[in-house]
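Please have the sequence and the model open as you read.

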Amino acid sequence: MKNILITGGAGFIGSHLVRHMVHKYPDYQIINLDLLTYAGNLENLKDIENLPNYTFVKADICDEAAIESVFTRFDINGVIHLAAESHVDRSITDPMSFVRTNVIGTVNLLNTAKKHWAGRDDVRFYHVSTDEVYGSLHDGGFFVETTPYDPQSPYSASKASSDHFVRAYGNTYKFPFVMSNCSNNYGPYQFPEKLLPLFIANIVKEKPLPVYGQGINVRDWLWVEDHAKAIDLIFHQGKEGETYNIGGNNEWRNIDLIHLLCKVMDKKLGRETGSAAKLITYVTDRAGHDMRYAIDASKLTNELGWEPSLQFEEGLEKTVDWYLANAEWIARVQSGAYQNYYLQQYGERY
Ligand code: NAD
Ligand code: TYD
C-alpha cells in the first residue's frame, strides 16, 4: 500500500499524472494537494473525482501546518511534487510569487517529509523539474543530466533553486529523492497562456497570434501523457539520488510549429488554407528569451526503457481536437478574475 501525495495535481501535467496513477494503481491512495491558483482547475479531474483511491485537498505548499496535517492524516510515504508557478512571462512581471511557491514551497515540503520519514526506508520524494534550468543552447548539442545549471529567467532560476535544495537534502540528510527535468509539454488541459493552447484559442476567435521576436527560438515538445508515464517509471524504478532528463526528441522552431498549427486549424475549422497564418503578428521579443532547448533523454531510455509513444503530428491533431471540443473549458478558465488579471497584465492578447 502506498499513500502518494501529488502536489499541483489540478494543473496541466499534474492532472494527467493523477488520472494515470489512480487508474493504474487501484491499491494506492492518491492525494492531490493543490491551491487552485489561476492554473489549477478541478474540472480537469471530473472523470476521476469519485474514485475510492482519490482524494483532493486544497492547500498551499508554503503552509507548514497544512502540509504537516496532510502527512499525518494520510501517512504519506511518497511525494510527487509538481506544484509550481510555471509560466516564464509571469515570472518576468512577478518574480516573487515564483520564489514563494517554487523555492519556499518546495523547502517546506522537504522539511515536512524529512521529519515524518526519519528512520523509514519505504519512502521517496520525486521532484518534477524543467530543462530550462540548463539555460539556453545557441548551436548544436543537447542538455544531458550533467550539463551545468545556467538558468536565465526568473522562472528557471526558481526551479533551479528548488532542484538544488532537493539535492542538498539528499546530500546533507540522506533524504531519499529522485528528480527529472523535462522539455515543453503539450496536450489537453494546458492553461491558455502557453504557446499552443493560446494560439489555438486565438485562431478560433480570429485574434492575432503574438510571435515573440523573429519566431526562431527552438523548443522540444513532448506529449503530456508520455511525461506522466515517464514520471511513473522513474518514481518506481529510478535510482535514488539520480536525475533523469525527459524529452520528445522533437525540436521545432516556433514559427515552423505555428505554421503547422495554422494548417491543422484551417483544416479542422473548414476555413480557407492560409486563413490562420494571416493572424501571425510579430511582437516585441520576450525579455531574456532562451534561444533553444534540446534534451538528450538516452539515460532514461537506456536505463529504464522509456520512449515517447506519439508522433508529433498525431499529438498535435489530438490536442487541437480536444481544445475544439472543449471550447467551454477554455472560456471558463479565461473568464472572470483570470481574465481581469490577464487584461491588466498583458492587454488584449488573452
Ligand atoms: P501548471 O501551471 O499547469 O499547474 C501548476 C499547479 O500547481 C496548478 O494546479 C496550481 O494551482 C498549483 N499550485 C501553484 N501554486 C501552488 C501552491 N503554492 N500550493 C499548491 N499548489 C499550487 O503547471 P504545469 O505546466 O502542469 O507544470 C507542473 C510542473 O511541471 C511544474 O513544477 C513545472 O515546473 C514542471 N514542468 C512543466 C513543463 C511544461 O511544459 N509545462 C515542462 C517541464 C517541467
Ligand atoms: P511557452 O509556451 O511560454 O513555454 P516556454 O517559454 O516555457 O518554453 O513558450 C514557448 C515558446 O513560444 C517560447 O519560445 C516563447 C514563444 N511564445 C510566443 O512566441 N508567443 C506567445 O504568446 C507565447 C506564450 C510564447
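The largest share of the shell around ligand 1, three residues, comes from β5. Strands such as this one are DSSP runs of E of at least two residues, and helices are runs of H or I of at least four, both numbered from the N terminus. This is a predicted model, in which local features need pLDDT of at least 70, side-chain atom pairs count only at pLDDT 80 or more, and totals for chains, interfaces and linings use all residues. Residues are numbered from 1 along each chain as its sequence is written, chains are lettered from A and ligands numbered from 1 in the order in which they are written, and side-chain values use heavy atoms, with hydrogens and water left out.

**Ligand 1**

Which residues lie closest to ligand 1? They are Ile-13, Asp-34, Ser-86, Tyr-155 and Lys-159, out of 28 residues that surround the ligand. A residue counts as near a molecule or strand if one of its heavy atoms lies within 4 Å of it. By class, the shell holds 14 nonpolar, eleven polar and three charged residues. Here Ala, Val, Leu, Ile, Met, Phe, Trp, Tyr, Cys and Pro are nonpolar, Asp, Glu, Lys and Arg are charged, and the others, Gly among them, are polar.

The side chain of Lys-159 places a polar atom 2.7 Å from an oxygen atom of ligand 1. Thr-101 has a polar side-chain atom 3.3 Å from a nitrogen atom of ligand 1. Leu-82 uses its backbone instead: an N or O atom there lies 2.9 Å from a ligand 1 oxygen. The protein buries 97% of the 830 Å² that ligand 1 exposes when taken alone. Accessible areas come from the Shrake-Rupley method with a 1.4 Å probe; for residues, only the protein chains shown count as cover.

**Ligand 2**

Ligand 2 is surrounded by 18 residues, and the closest are Glu-132, Pro-210, Arg-219, Arg-286 and His-289. The shell divides into eight nonpolar, five polar and five charged residues. Both α6 (195-204) and β8 (209-212) supply at least two residues each.

The table gives polar contacts, which are pairs of N or O atoms within 3.5 Å; within protein, one must be able to donate a hydrogen and the other to accept it, and residues adjacent in sequence count only if both atoms are side-chain atoms.

| Residue | Part of residue | Ligand 2 atom | Distance |
|---|---|---|---|
| Glu-132 | side chain | oxygen | 2.6 Å |
| Tyr-212 | backbone | oxygen | 2.9 Å |
| Arg-286 | side chain | oxygen | 2.5 Å |

Taken alone, ligand 2 exposes 510 Å², and the protein buries 97% of that.

**The seven-stranded sheet**

An open sheet of seven strands runs in the order β3-β2-β1-β4-β5-β6-β10, with parallel pairing. Two strands pair if DSSP finds at least two bridges between them. The edge strands, β3 (54-58) and β10 (243-246), each pair on one side only. From one strand to the next, the twist averages 20°. Angles run from 0 to 180 degrees between N-to-C directions, and axes are lines fitted to C-alpha atoms, for helices over the stretch in contact.

Four bridges join β1 (residues 3-7) to β4 (residues 78-81) in the parallel sense. Ile-6 has Ile-80 in β4 as its bridge partner. Helix α4 (residues 95-117) lies across β1, β4 and β5, at about 165° to β5. Helix α5 packs on the sheet too, touching β5, β6 (177-182) and β10, with its direction at about 155° to that of β5. Contact means heavy atoms within 4.5 Å.

**The three-stranded sheet**

The order here is β7-β9-β11, in an open sheet with mixed pairing. β7 and β11 (251-253) stand at the edges with a single partner strand each, so one side of each is left without a neighbour in the sheet. Neighbouring strands are turned by 45° against each other on average, direction ignored. β7 pairs with β9 (residues 218-223) in the parallel sense over three bridges. Asn-184 stands opposite Trp-221 in β9. Helix α8 (residues 254-269) packs on this sheet, touching β9 and β11, and makes about 90° with the direction of β11.

**Ser-136**

Where is Ser-136 placed? Ser-136 sits in the loop between β5 and α5. Not counting residues up to four places away in sequence, Ser-136 touches Gln-152, Asp-290, Met-291 and Arg-292. Its side chain reaches the backbone nitrogen of Met-291 at 2.7 Å.
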